[in-house]
Amino acid sequence: MNNIPSSLNRSSVKDAETVMSAVCPDAELRRAMLRCLLDSISIVEHVAPEAWAVTLFEDGFRLNVGQVEALTCDWIRWPFPAASAADGSFAVMDNDLPVLRILTQGGVPVEQDSEDTTLEISPSAYKSVALPQHVVSLRVETPEQLAYWYEELTGAHRRYLLQALHTPTGKVRSSTAFKRTHSSGLIDYARMFCSAAPNGQPTAVPSMDEPGRTEAREFYEGRPLSVQTTRYERDPNARGASLAQHGYSCAACGFNFGAVYGPVAEHYIQVHHLNPVSSHGAAVAINPITDMRPLCANCHAVAHFKNPPYTVEEIIYFIHKEQTS
């Protein structure tokens, strides 16, 4: 077993390395977990750089965004709680698997197989994030599994993060009370460790724009994975009726696929439900004139950056603000 000092220096890279090496002895799985942490931080740091904090504990870490937790990592112990060593240090059993808990917003983000011990989904109810919310606990053995599930959850996780960054009146938060326990040493360790190759030497993915660069690093994709999910039925007649009324230009930015790409895309546009069909919980009557609007792919994506979605008027304001700033 590994022993962790009972008194942590949260600004110490060495203490962060000691904790994370004990929590997750497998270096590649640890690297994948820390990359999930850094990816979540990159989302919130872009919007509100002072409204998040990471706290290092003897058994893992916790990412707080605004007033709530957003991502945690620790290990499963049995029996619980783990006994302390004679010198007061905390013991980590070598055969324990770490657990990454990802907070999400919206409907159940993925379907859970009752026989799958990798994934556990439970409801959450933080007041500063709209319901429904969920905690998705991942207990995986390989970095590939972790990367797959984090990617699957990214959309719902991003919605949770962005809502946590805003006050009830819609203002971006400028601070978090958890800054007092912020662990700069863990961030420094994560960035150094994730930029290192398995042999410990620094590495980087070279840019294709570098002079003389003629070959790309290889990545592997395409492994078949079976995932069960829930889809919400849509009536194509409602789409047609909405477009007959509103036309094929984006209601927010005015983009028209036919005008840009010609006949091949003349009648293409995405149709946005002002109230997401997934929020109803059952089949309901939809008025295609008042409940739906045509949006281009970019504006449609922005609309769903939060739940409930940004209104078309808000997206128009975003565009106008950037164009006039």
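At what angle do helix H2 (residues 27-47) and helix H4 (residues 184-194) pack, and how far apart are their axes?

1. This is a predicted model, in which local features need pLDDT of at least 70 and side-chain atom pairs count only at pLDDT 80 or more, whereas totals for chains, interfaces and linings use all residues. Residues are numbered from 1 along each chain as its sequence is written, and side-chain values use heavy atoms, with hydrogens and water left out.

2. Helices H2 and H4 pack at an angle of about 120°, with their axes 9 Å apart; the axes are lines fitted to C-alpha atoms, for helices over the stretch in contact, and angles run from 0 to 180 degrees between N-to-C directions. H2 and H4 are therefore oblique to each other, given that angles under 35 degrees count as roughly parallel, over 145 as roughly antiparallel, 65 to 115 as roughly perpendicular and the rest as oblique.

3. The residues making this contact (heavy atoms within 4.5 Å) include Leu34, Leu38 and Ile41 of H2 and Ile187, Tyr189 and Phe193 of H4. By class, the contact of H2 with H4 has eleven nonpolar, no polar and five charged residues, where Ala, Val, Leu, Ile, Met, Phe, Trp, Tyr, Cys and Pro count as nonpolar, Asp, Glu, Lys and Arg as charged, and the others, Gly among them, as polar.

4. The protein chain has eight helices and ten strands, these being DSSP runs numbered from the N terminus (helices H or I, at least four residues; strands E, at least two). Of its 325 residues, 39% count as buried, with buried meaning under 20% relative accessible area, exposed over 50% and partly exposed in between (1.4 Å probe, protein chains only). Among contacts between residues at least 6 apart in sequence, 67% join residues at least 24 apart.

5. The structure holds zero disulfides, a disulfide being a pair of cysteine sulfur atoms within 2.5 Å. The sulfur of Cys253 is 3.7 Å from the closest cysteine sulfur, that of Cys250, which is too far for a bond; likewise, Cys296 is in no disulfide, and its nearest cysteine sulfur, in Cys299, is 3.6 Å away. Cys253 is partly exposed at 38% relative accessibility, whereas Cys296 is buried at 5%.

6. Gln163 lies in helix H3 (residues 143-164) and counts as buried because its relative accessibility is 10%. Leaving aside neighbours within four places in sequence, Gln163 is in contact with Gln105, Ser128, Val129, Ala130, Lys306, Asn307 and Pro308.
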